[in-house]
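I opened this model with a notebook beside me and wrote down what I looked up. The entries follow in the order I made them.

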Amino acid sequence: MGALTFRSLNIIAILALGILVAIHLCWMPIHWAFFLLFAWLYISIIFLACVKLSLGFFMPVVCSAKTTERVVALTFDDGPARYTAAILDTLKQHNVSAAFFCIGKNIPGNEPLLQRIVSEGHTIGNHSYSHHYWFDMFGSGKMLADMKQMDNEVARATGLKPLLFRPPYGVMNPNLARAIKKGGYKPVGWSIRSFDTRAKDKQMLLSRIIGQLKPGSVILLHDSMEITAAILPELIEQIKNKGYKIVPLNKLLNIDAYA
Ligand SMILES: [Zn+2]
């Protein structure tokens, strides 16, 4: 791979720090600001690694498919939510399959929606139970308990156990990597972030997604957003007009969706 990982960064950082300290003590004094710069650089790399899943810094996270075929997948996070039903209607009309990374706490009362997602040929992924604001500050045991609670909700509603996991807020860290490994999940990111949660203009949102299309792209959308439901028919049309086929996420990535 050759990619920088958490482990190799730490080895490099410790070696470099050792050399700096040795120079400082044995050869010539190094200004304290230089050590501060060193720490800042280390923290900056860690921060970038937490928010950029595709770097695979803490663990490999699949964010797209390696293919030359014009195939892409649609994914919807944060449901079941207000616009899930409308989105399912559109997907059905266009005969398109998608993946829904659901939040466990949204499931009670929405079991029929979960059952519809499954019966209409879509995939359910785990997006945590709480989607807690401080989720990334949880210890790995607490994270795993949260993820399992989500599994229980899906099992209760559909009898299925999700294998695909998408980190809340798209943030990875060492504790989450540990929880994912322990739980046996497959972490899935994305390669096209639509920013539909912030979008105000439909045409801008559409062109932002269409402009980034590549063979194997995984598109991140949210079924909690009205604008997403509104542009979906046009989005599907434009993707097809560009010569792309929308395929189920697990088929695109060639992985199992359920245990
Ligand atoms: Zn989310």
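**Entry 1: Ile 219**

I started with the contacts of Ile 219, where two residues are in contact if their C-beta atoms, placed from the backbone, lie within 7 Å. Not counting residues up to four places away in sequence, Ile 219 touches Val 72, Ala 73, Leu 74, Thr 75, Trp 190, Ile 192, Ser 194 and Ile 209. A note on provenance: this is a predicted model, in which local features need pLDDT of at least 70 and side-chain atom pairs count only at pLDDT 80 or more, while totals for chains, interfaces and linings use all residues. Residues are numbered from 1 along each chain as its sequence is written.

I found Ile 219 in strand 7 (residues 218–222); helices (H or I, at least four residues) and strands (E, at least two) are DSSP runs, numbered from the N terminus. Is Ile 219 buried or exposed? With 24 other C-beta atoms within 10 Å, Ile 219 is buried. The cut-offs are 20 or more other C-beta atoms within 10 Å of a residue's own for buried, 12 or fewer for exposed, and partly exposed in between, with C-beta atoms placed from the backbone. I also checked Leu 249: it is 30 residues from Ile 219 in sequence, and the C-alpha to C-alpha distance is 9.8 Å.

**Entry 2: helix 5 against helix 6**

I put helix 5 beside helix 6 (residues 174–183) and found an angle of about 50 degrees, with the axes 8 Å apart. Axes are lines fitted to C-alpha atoms, for helices over the stretch in contact, and angles run from 0 to 180 degrees between N-to-C directions. The two helices are therefore oblique to each other, as angles under 35 degrees count as roughly parallel, over 145 as roughly antiparallel, 65 to 115 as roughly perpendicular and the rest as oblique. On the helix 5 side, the contact includes Met 143, Leu 144 and Met 147; on the helix 6 side, Leu 176, Arg 178 and Ala 179 are among the residues involved.

Which residues does a cis peptide bond join? I found it between Gly 79 and Pro 80, with omega about -5 degrees. Pro 80 sits in the loop between strand 1 (71–77) and helix 3 (84–93).

His 131 is not a glycine, yet has a positive phi of about 50 degrees. I located His 131 in the loop between strand 3 (123–126) and helix 5, and it counts as partly exposed, with 18 C-beta neighbours inside 10 Å. Asn 254, also not a glycine, has a positive phi of about 55 degrees. Asn 254 lies in the segment after helix 9 (249–253) and counts as exposed, with 9 C-beta neighbours inside 10 Å.

**Entry 3: the whole chain**

Last, I zoomed out. The protein chain has nine helices and eight strands, and 39% of its 259 residues count as buried.
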